[in-house]
Amino acid sequence: MRHFTTPLILCLTLTFILTESTQPPFACDSSNPATHSYPFCKPTLPISTRVKDLVSRLTLDEKVLQLVNTAPPIPRLGIPAYEWWSEALHGVSNSGYGIFFNGTIKSATNFPQVILTAASFDARLWYRIGQAIGLEARAVYNQGQAHGMTFWAPNINVFRDPRWGRGQETPGEDPLVSGKYAISYVRGVQGDTFQGGGLKDGHLQASACCKHFTAYDLDHWKGVNRFGYDAKVTKQDLADTYQPPFQSCIQHARASGIMCAYNRVNGVPNCADQNLLTNIARKQWGFQGYITSDCDAVSIIYDVHKYAKTPEDAVAEVLKAGMDVNCGTYLKNHTKSAVQKKKLLESDIDRALTNLFTMRMRLGLFNGNPSSLPYGSIGPNVVCSKPHQDLALEAARSGIVLLKNLAKLLPLKKTISSLAVIGPNANSAHTLVGNYAGPPCKSIEPLKALQGYVANTQYHQGCNFVNCTSANINEAVEVAKKADYVVLFMGLDQGQEREDFDRVDLVLPGQQRALITAVAKAAKRPVVLVMICGGPVDISFAKRDPKIGGILWGGYPGEAGGIALAQTIFGDNNPGGKLPMTWYPRQFVKIPMTDMRMRPDPSSGYPGRTYRFYTGPKVYRFGYGLSYTKYRYEFVSVTQNKLSLSQISTTGTTLQNSDSVRYTSVTDTETESCEKAKISATVRVHNNGEMDGKHAVLMFVKQNDVVNGKPMKQLVGFESVTTNAGDRSEVEFVVSPCEHFRTANEDGLMVVEEGTRYLFVGDQQYAISVLR
């Protein structure tokens, strides 16, 4: 997202230094008689009426200047400057230009990077994190340390390719999980209830923005970059993989913003695609917010894509398509000349401004002094509060995934006499926070957290850096030999995976593998390997090695991650996370990252992507995760085991495809017939082990017949369940055949076909027949 030129950054920085204040910026000051009487300043009027009045008072020059992320003030109307670009991916961040931490508030709660949070499969946890971020965002604004309340998060692109540098920012590879994450996070940030529908008169605590719309999941790979990339996507894959998270974000989360992506999809730049932005997002899905470009995404339509013949054509294309604000300066530079050259109507600008000022009014920024308004009493004491820091720890604990536990090596006993901690990720708190992070409230290195359990802890870095271009293997081996137990902290950091940087391999960098193997061989007992990374790594060698007894995946676990990992290693936390993405073998890199197909192609040997379609070997499967206890599942009750296509058809009739299979199309899953067809499936969870545990229970659906591009299996639902040792819990899954049994055909039409479906949880399954 950072594609600005240096002069612009310097200009913005200077502006912010000069305007720093403890008074939050707002319009319609009741003490200012010059503006007090304007209709747009009267909160009793409908927002639509107020916005119309405001826009009508602007000159063309004033209008044009409001179309970019750094919108200047309009002094004659008492309207302050506004910055649209702020970030809050996993905590309020100063990665954008809207937030700064040089006042009373110096930091913000840093939650785990999203990929680890997703591993909890706990939608209520996701919502609570969103709530905390929304509260801290409003507190920062109230303290006068924010020039905007529009946050460009969450990133809900499907984690399609394991090499993607930004996969760490996403909820993983499953479109259902990405959509559910969007719903929980957005509702929390914006001040809605967990169930939705709780916003009064559309007023927002803060604004969330789902990105990057759409089919964006390549940054910079082997000379192909996101700015010029044309993603070739089938209608089938668009319908059931790339678009569903955004549909959920708009229709169910009611996100107030979306961001159009840099890339083209089938030849058309996303930000210039009227079908995408207006016909689909606004008309089909009912989007009622603002649409921003990614930073400089408008300029590349002319400069890189060569889609527009002139800069003015590029400006006209995006505004007519339905985009509202340009992150960058392109609209400021070329919109007026586009109007003068009759490529653009002033009414097109007014449409965009209507969406932008509507958003600012929904945030309460045109209702006078915010201190006496809703959200005005949220003070700096909520930022880095104990409940929020406790939540960061809970989130890290809930996401950690146990990948291997040979002979119950883990948890380690707290009575052990000595411990060796080895590896480049053991003594770095910074690595734990991932990207798009503001300064954390506090953070503790894994090494320091482990020293709290074992006083006699010896440390060796092992590698010079995480890239491990050189390693002191002999010294690390000597440290390992002297200890009763060894824990290795290896993996990746932002040097290996990040925005604008994709990996070209799936193995540990540099000499990490050699270090791990040598230490494991020399140690008295099998060692514990902790993987700190966002994207998957092929660690098949460690999976097979009997001298590596335990493997934990810690993602980038945030400010409390060091504590959470130590608690897990020593049994104060029973890991219950599940992998939200497939871990592929190293050979997967033979497949071009530019191949956007989800479905396999047996004729060419293309294996497909993600657990829904991938037919090749795996290091670890999606949904995999062990525990220190043992769980058993059983289906207790399922309300029905048969239903007919006519039950869910909106017309009462069914059709027949070329294979003589009956089907019905389902475009709207919330019809009366779809509601009546819903199935309740209750699963009993038995904890047959010796430790209490919270873990994710995942329910899938599969068919025996997977021809014509059908997924091999797909997720129906998930719940995070706490079950005491020797006890049992019950969890209810609501299965909607209209949603969970449908697949996309080659024309992109969502259909439900006749045939038997199997619901399964763990090794238990239940058959449901779909009849003609």
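How much accessible surface does the protein have, and what share of it belongs to carbon and sulfur atoms? The accessible surface comes to about 27,900 Å², and 50% of that belongs to carbon and sulfur atoms. Accessible areas come from the Shrake-Rupley method with a 1.4 Å probe; for residues, only the protein chains shown count as cover.

The model is predicted: local features need pLDDT of at least 70, side-chain atom pairs count only at pLDDT 80 or more, and totals for chains, interfaces and linings use all residues. Residues are numbered from 1 along each chain as its sequence is written, and side-chain values use heavy atoms, leaving out hydrogens and water.

**View 1. The whole protein.** The secondary structure comes to 25 helices and 29 strands. Helices (H or I, at least four residues) and strands (E, at least two) are DSSP runs, numbered from the N terminus. The C-alpha trace spans about 80 × 65 × 50 Å along its principal axes. Of the 772 residues, 63% count as buried. Buried means under 20% relative accessible area, exposed over 50%, and partly exposed in between (1.4 Å probe, protein chains only).

**View 2. The disulfide of Cys28 and Cys41.** A search of the whole structure finds seven disulfides. A disulfide here is a pair of cysteine sulfur atoms within 2.5 Å. Cys28 joins Cys41, S to S 2.2 Å. The link is left-handed, with -80° about the S-S bond. Cys28 lies in the loop between α1 (6–19) and α2 (33–36), and Cys41 in the loop between α2 and α3 (47–56), so the pair ties together parts 13 residues apart in sequence. Both cysteines are buried.

**View 3. The disulfide of Cys295 and Cys327.** The S to S distance is 2.0 Å. This link is right-handed, with 70° about the S-S bond. Cys295 sits in the loop between β11 (290–293) and α11 (299–303), and Cys327 in the loop between α12 (311–321) and α13 (330–340), 32 residues apart. Cys295 is buried, at 0% relative accessible area. Cys327 is buried, also at 0%.

**View 4. The disulfide of Cys674 and Cys738.** Their sulfur atoms are 2.0 Å apart. The torsion about the S-S bond is about -90°, so the disulfide is left-handed. Cys674 lies in helix α24 (residues 672–676) and Cys738 in helix α25 (residues 737–740), so the pair ties together parts 64 residues apart in sequence. Cys674 and Cys738 are buried.

**View 5. Cys209, a cysteine in no disulfide.** The nearest cysteine sulfur to Cys209 is that of Cys210, 7.0 Å away. Cys209 counts as buried, at 0% relative accessibility.
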